[in-house]
Amino acid sequence: MGLTPKDYQQMSQEASPPSRTVKNGAMAFLIGGSICTLGQIVLELLKSMGMEQDQASALVSLSLVLLSVLLTSFGLYDRVARIAGAGTLVPITGFANAMSSAAIEFRSEGLVLGLGAKMFSIAGPVLVYGISAGVLYGLIYYFIR
Amino acid sequence: MNLFVLLKAFLVGGSLCLIGQLLIDRTKLTPARILVAYVVAGVLLGGLGIYQHLIDFAGAGATVPLTGFGALLAKGTRQAIQEQGPLGILSGGLTACAPGVAGAIVLSLLAGFFSRSKDKP
């Protein structure tokens, strides 16, 4: 195919890291922001029904987890994640996606060491370090409060 | 529904995701490491009382990203210590995040049972 130097310059510019970083960042911002906005809509609905903030907030997380697992089951979440990058990773939906996609993928390796164990290949470290940091914080808080 | 509230959630939630994307593109951090970093950062900021301001401002924009999960761990730990004393150091965090974690575990188990693995593209 005939490429003029101008075409080539344009192609290399499009493929160069800075513009890719900007595009990835924009997609992560838009899609991640949208997931949080969806959460806020559910939160507002629950609060308008008279639910307390903390309880409503937990229910928002749970409904997003449910949505994420459903989309993962139909293979849709990973398709969006390819475009959204951290936009679908950082929200709680990304945590649920990591667990459910591993559960689906490794089921063929058995229900215990496949499904049961591989479910935690990403969620496990998050829980280990999150809970440990919480306990460390609790120790400090208990002794210096 | 107050549109300004939704906009705040969008901007803050989007910004937290943008930071994650910059970490992926500009550093060698893998997604798993970023999730761990976000949770630990959430515990730290939650413990220092900083993250609660962000939650008051942005609602789900701050609680839905995994930093909110970390902040919830810290908040649960603090409340449990106030109510039950030293046992709360160990029980508070897991109790507070139990609905999300148990929900994700059970639903993932069901997904593993009922969903067929798609061929990886």
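Reader: Which residues line the largest cavity?
Author: This is a predicted model, and it holds one cavity of 30 Å³ or more. The lining draws on chains A and B. From chain B come Thr77(B), Ile89(B), Leu90(B), Gly93(B) and Leu94(B), and from chain A come Ile131(A), Gly134(A) and Val135(A).

Reader: What volume does the largest cavity have?
Author: The structure holds one cavity that reaches the cut-off of 30 Å³. The volume of the largest cavity is about 40 Å³.

Reader: Which helix gives the most to the lining of the largest cavity?
Author: Two helices each supply at least two residues: α8 (120–144) of chain A and α6 (88–114) of chain B. Four residues of the lining come from the helix that gives the most, α6(B).

Reader: What pattern does chain A follow along the sequence?
Author: Chain A has eight helices and zero strands. Read along the sequence, the pattern is α-α-α-α-α-α-α-α.

Reader: What radius of gyration does chain A have?
Author: The C-alpha atoms of chain A fill a box of roughly 70 × 45 × 40 Å along the principal axes. A compact globule of 145 residues would have a radius of gyration near 15 Å, whereas the value for chain A is 21 Å.

Reader: What percentage of the residues in chain A is buried?
Author: Buried means under 20% relative accessible area. Chain A exposes about 7,900 Å², with 68% of it from carbon and sulfur atoms. Of the 145 residues in chain A, the buried share is 40%.

Terms used: Residues are numbered from 1 along each chain as its sequence is written. Chains are lettered from A and ligands numbered from 1 in the order in which they are written. This is a predicted model: local features need pLDDT of at least 70, side-chain atom pairs count only at pLDDT 80 or more; totals for chains, interfaces and linings use all residues. Side-chain values use heavy atoms; hydrogens and water are left out. On a 1 Å grid over the protein atoms alone, a cavity is a set of points where a 1.4 Å probe fits but cannot get out, and a pocket is an open set with protein on both sides within 12 Å along at least five of seven lines; lining residues have an atom within 4 Å of a point. Grid points are joined across faces, edges and corners, and a volume is the space filled by probe spheres set on the points. The radius of gyration is taken over C-alpha atoms; the globule rule is 2.2 Å times the number of residues to the power 0.38. Buried means under 20% relative accessible area, exposed over 50%, partly exposed in between (1.4 Å probe, protein chains only). Accessible areas come from the Shrake-Rupley method with a 1.4 Å probe; for residues, only the protein chains shown count as cover.
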